Amino acid sequence: MLVVMKREATREQIDAVVERIKEFGIEPVPLPGAERTAIGTFGTTSRAAAEAVESLPGVAEVVPVSRPFKLASREVIATDTVVRVGSAGIGAGQPLAVIAGPCAVESRDVTIETARAVRAAGGTALRGGAFKPRTSPYSFRGMGEQGLEILAEARAETGLPIVTEVLSPSDVDAVARVADCLQIGARNMQNYSLLDAVGEQTKPVLLKRGMSATIEELLLSAEYVLARGNRNVILCERGIRTFERYTRNTFDVNAIPLLKRLTHLPVLADPSHGTGKWYLVAPVALAAVAAGADGLIVEVHPSPDHALSDGFQSLTFEHLRALLSVVPEVARAVGRYDRVTAS
Ligand code: PEP
Ligand code: MN
């Protein structure tokens, strides 16, 4: 249930509600808002508890929360959350975020050169995996800690915040020391101990949809992170597996407006993994912007033919520049904010 306090409720009245909820053996989650405070209780709540709380001074109403995800739900938090990655805000009312970079950190030179190109094109943040989840154990699996050092150097050089993937709970501290945002990849969307671990630290989390996950499962995974206390979660649609074989995945454009309706969390689109083909990235990126995405995450490489992973879906610097010049036009055409990064 969601206990909505009256606008004029005092601190003592809020504390009394919290204490009363605890007497029923339920964990209250205070949700301070701009105008009034609400207190959530998630899990099973008895009718007796709801009635007892509803009669306390300062309580406006007690609303049942029907969705299985709670803190991620618009029922509980109606206004859009803006998540800060470095100094950039991602979410409603903010300029569209464009997170770009190589699939993997493969070398210092490629990473720094790409970071400079992303910066010059007006990108918001640099992406690149130091720890790579690969389908085959014989593929390049990233440079690990050395890759993190290269990412830190790229940030020092360009000022771009860093988004990079973490694969296991034991690496969370090391990755969080460098990253401005921790990426949870599609393959780990339901790795619950990893979700708990990133929920217990303070860096924002970019959570990608699993390739066979429903939208509700994605939101329930976000709930794991939120429930551990980290309220800075960005969702990402990156394509799902279907019967179609001409593309690597089928980018689910439905997910974008649907997620914006169900949740207050920012939603990004990844047209690189969503299509698997560089020549489909720009059109699908523009469709996602038109559908309401708060930003994009795209793969870019100075020489896609030589990339150690995902070269075929990587944009060249020229393609990235071209995409970023047309994104604001589409945003403007559908009545959305029309800048890519804050200037
Ligand atoms: C990635 O972003 O490099 C990646 C591995 O993506 P996904 O988890 O969506 O496959
Ligand atoms: Mn990739």
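Tutor: Let us start with the ligand, keeping in mind that this is a predicted model.

Student: What makes the contact between His-273 and ligand 1 a polar contact?

Tutor: A polar side-chain atom of His-273 lies 3.5 Å from an oxygen atom of ligand 1. The cut-off is N or O atoms within 3.5 Å. The His-273 pair is at 3.5 Å, so it counts as a polar contact.

Student: How far is an oxygen atom of ligand 1 from an N or O atom in the side chain of Arg-127, and how far from one in Gln-183?

Tutor: For Arg-127 the distance is 2.7 Å. For Gln-183 it is 2.9 Å.

Student: Which residues surround ligand 1?

Tutor: Among them are Cys-103, Lys-132, Glu-165, Gly-185, Ala-186, Lys-208 and Glu-299. Arg-127, Gln-183 and His-273 belong to the shell too.

Student: How does that shell divide into nonpolar, polar and charged residues?

Tutor: It has 2 nonpolar, 3 polar and 7 charged residues. Cys and Ala count as nonpolar, so Cys-103 and Ala-186 fall in that class.

Student: Now the core. Which residues have the most contacts inside the largest nonpolar core?

Tutor: Leu-207, Leu-235 and Leu-320 do, in a core of 80 residues. Helix α11, residues 317–333, gives the most to this core, with 7 residues.

Student: Why is this core said to lie between domain 1 and domain 2?

Tutor: Domain 1 (2–63) and domain 2 (83–333) both give residues to the core, so it lies between them. The C-alpha centres of the two domains are 37 Å apart.

Student: Why is Asn-232 called partly exposed?

Tutor: Its relative accessible area is 28%. Buried needs under 20%, and exposed needs over 50%. The value for Asn-232 is in between, so the residue is partly exposed. Asn-232 lies in the loop between α7 (215–227) and β12 (233–237). Its C-alpha atom is separated by 24 Å from that of Ala-115, 117 residues apart along the chain.

Student: What makes the phi of Asp-310 worth a remark?

Tutor: Asp-310 has a positive phi of about 55 degrees, although it is not a glycine. The residue is found in the loop between β14 (295–299) and α11.

Terms used. Residues numbered from 1 in each chain as written. Chains lettered and ligands numbered in written order. Predicted model: local features only at pLDDT ≥ 70, side-chain atom pairs only at ≥ 80, totals over all residues. Heavy atoms only, no water. Near = heavy atom within 4 Å. Polar contact = N/O pair within 3.5 Å; in protein donor to acceptor, adjacent residues only side chain to side chain. Domains from an automatic or database assignment. Core = buried A, V, L, I, M, F, W, Y, C linked by side-chain atoms within 4.5 Å. Buried < 20%, exposed > 50% of the residue type's maximum accessible area, 1.4 Å probe, protein only. Helix = DSSP H or I, 4+ residues; strand = E, 2+ residues; numbered from the N terminus.
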